[in-house]
Amino acid sequence: MKKRNAFYAFLVGASLLSAGARAEGNIKFTEYDMPNGLHVILHEDHATPIVAMSVMYHVGSKNEDPQRTGFAHFFEHLLFEGSENIKRGEYMKLVQANGGELNANTTQDRTFYYEVLPSNQLELALWMESERMLHAKIDTIGVETQRKVVKEEKKQSYDNRPYGQLLNVVYENSFTVHPYRWTPIGKEQYIDQATLGEFMDFYKTFYVPNNAVVVIGGDINIEQSKALITKYFGDIPRGTKAIPRPTAVEPAQTAEKRVTFYDNVQLPAVLLSYHTPKIGTDDYYAIQMLTQLLSQGNSSRFHKEIVDKQQKAVEAGAFALPNEDPSLAVMFSIANMNVKPAELEKAMEDEIEKVKTTPLSNEEYQKLINQAETDFVAKNQKVLGVVTNLATYWTFEGNANLINTELDRYRKITKEDLQRVANKYFTKENRLVVYYLPKSEEKK
């Protein structure tokens with residue numbers, strides 16, 4: 001047991017810190033389509049004797065029926081129940097018994113499963129993911145088990161966590177038409193109301209080869225891997241159902257929205273949420289850099305001014321959500337003791353206004369470029385990171401080679417672009433303001 005645990009620790013560490021070819025623009029891969037529509041991407045790297053194997057399905061919460069929200073996240077859990085050939089509860093045990101790790105996650109746009117294993121166990125990972133795609137165990141026992149699991153997760157991660165409802169409040173009030181108006185956790189009553197037939201239909205619609213990409217990276221042989229992929233995935237039939245893609249376009253917001261939300265928190269928070277362009281557009285990259293300017297690190301503008309100098313907030317930040325469709329940039333601050341939300345909002349607005357009216361210094365601009373380069377390279381220092389990025393680039397933009405070229409999109413953004421984009425999107429007419437207040441302040 002001690003030897004197995006030691007090897008497991010080595011395996012995980014190696015998957016996170018592979019010393020293979022990670023230089024900028026030097027990640028090589030092979031990709032192709034199978035007759036059943038499955039897209040395959042293979043990245044060979046012999047730095048460590050491990051392999052990361054993943055399947056990304058192009059289904060997230062935005063593909064759900066508004067009366068059945070939470071299905072994609074529910075399936076993230078349900079598809080670990082087992083298959084016709086894998087006993088219930090055996091997924092974790094099989095991988096861990098062979099010195100590996102596995103997990104999955106769901107966003108509004110996709111669902112991602114992966115295993116990291118010793119390279120001599122690649123076939124195990126392929127077999128397990130092919131079983132998930134073709135023979136998943138979707139029955140009453142599994143559905144009832146996962147209903148309880150998902151409800152408990154919602155309680156722990158959203159209902160009972162301080163500020164846990166933050167993104168739910170932002171999305172629900174920022175979007176009126178687009179299915180981003182609900183988050184992946186969904187509503188538990190819809191999962192309770194759904195029938196076994198509805199779950200089966202969702203599975204047969206979305207978890208099919210022509211709605212997926214298989215990405216394998218690490219200590220592999222390309223030709224041998226192709227043969228194994230054909231062995232385990234070649235006979236899986238293409239899905240026959242039309243795959244629903246949302247066509248709703250969120251109308252342009254023309255007036256500021258304001259919402260007050262009460263929760264079990266001790267300190268008030270203020271959120272400013274702005275509509276932003278979709279991932280991959282030039283303005284999207286400028287928005288990413290602007291949120292870095294405001295919030296990345298202790299030297300960021302929000303932290304230096306609002307947290308350190310004015311001491312109006314205990315925490316302040318900003319982030320742009322990388323959604324497939326036009327999404328949001330969210331800025332937040334958690335108030336210091338005795339600081340009113342209106343004071344905090346004014347402090348945040350002042351910093352945003354400076355970005356809009358005062359050009360960046362050359363030094364600050366170069367710092368942003370350096371941060372973008374560092375973040376970009378760091379993501380691809382990990383075998384699993386490379387696999388994840390290849391899957392994401394292909395799924396959202398149909399171009400896996402962005403793993404080598406996306407940094408150029410940041411580098412082409414000028415100081416003038418940053419100021420133009422800030423003035424275009426960070427306007428009162430384009431924003432939602434949320435006062436996230438302690439329940440003790442709610443009027444009875």
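How far apart do the C-alpha centres of domain 1 and domain 2 lie? I get 28 Å.

**Ground rules.** I'm working on a predicted model, where local features need pLDDT of at least 70 and side-chain atom pairs count only at pLDDT 80 or more, while totals for chains, interfaces and linings use all residues. I number residues from 1 along each chain as its sequence is written, and side-chain values use heavy atoms, with hydrogens and water left out.

**Domains.** I looked up the bounds: domain 1 is 30-234 and domain 2 is 257-441. These come from an automatic or database domain assignment. For the contact (heavy atoms within 4.5 Å), I note 37 residues from domain 1 and 36 residues from domain 2.

**Buried area.** Interface size is often given as the accessible area lost when the parts come together. Here I have about 3000 Å² buried between domain 1 and domain 2, with 72% of it on carbon and sulfur atoms. That area uses a 1.4 Å probe and is summed over both parts.

**Polar links across the interface.** I find 15 residue pairs in polar contact between the two domains, both residues at pLDDT 80 or more. My rule for a polar contact is a pair of N or O atoms within 3.5 Å; within protein, one must be able to donate a hydrogen and the other to accept it, and residues adjacent in sequence count only if both atoms are side-chain atoms. The salt bridge count between domain 1 and domain 2 is 1. I have Lys62 and Glu324 down as a salt bridge at 2.6 Å, N to O. The cut-off is a side-chain nitrogen of Lys or Arg within 4 Å of a carboxyl oxygen of Asp or Glu.

**Domain 1 side.** Which elements give two or more residues to the side that touches domain 2? I list strands E2 (39-44), E3 (50-57), E5 (111-118) and E6 (212-218), plus helix H6 (166-174). H6 brings the largest share, 7 residues. Helices (H or I, at least four residues) and strands (E, at least two) are DSSP runs, numbered from the N terminus.

**Other salt bridges.** By the same rule I count 30 salt bridges. One pair I checked is Lys354 with Glu351, at 2.8 Å, N to O. Lys354 and Glu351 are 3 residues apart in helix H12 (residues 341-357), so about one helical turn separates them.

**Ser119.** I find Ser119 in the loop between E5 and helix H4 (122-134). Ser119 and Thr48 are 71 residues apart in sequence, yet 8.8 Å apart in space, C-alpha to C-alpha. Leaving out residues up to four places away in sequence, I see Ser119 touch Pro49, Ile50, Val51 and Asp219.

Conventions. Buried area = accessible area lost by both parts, 1.4 Å probe.
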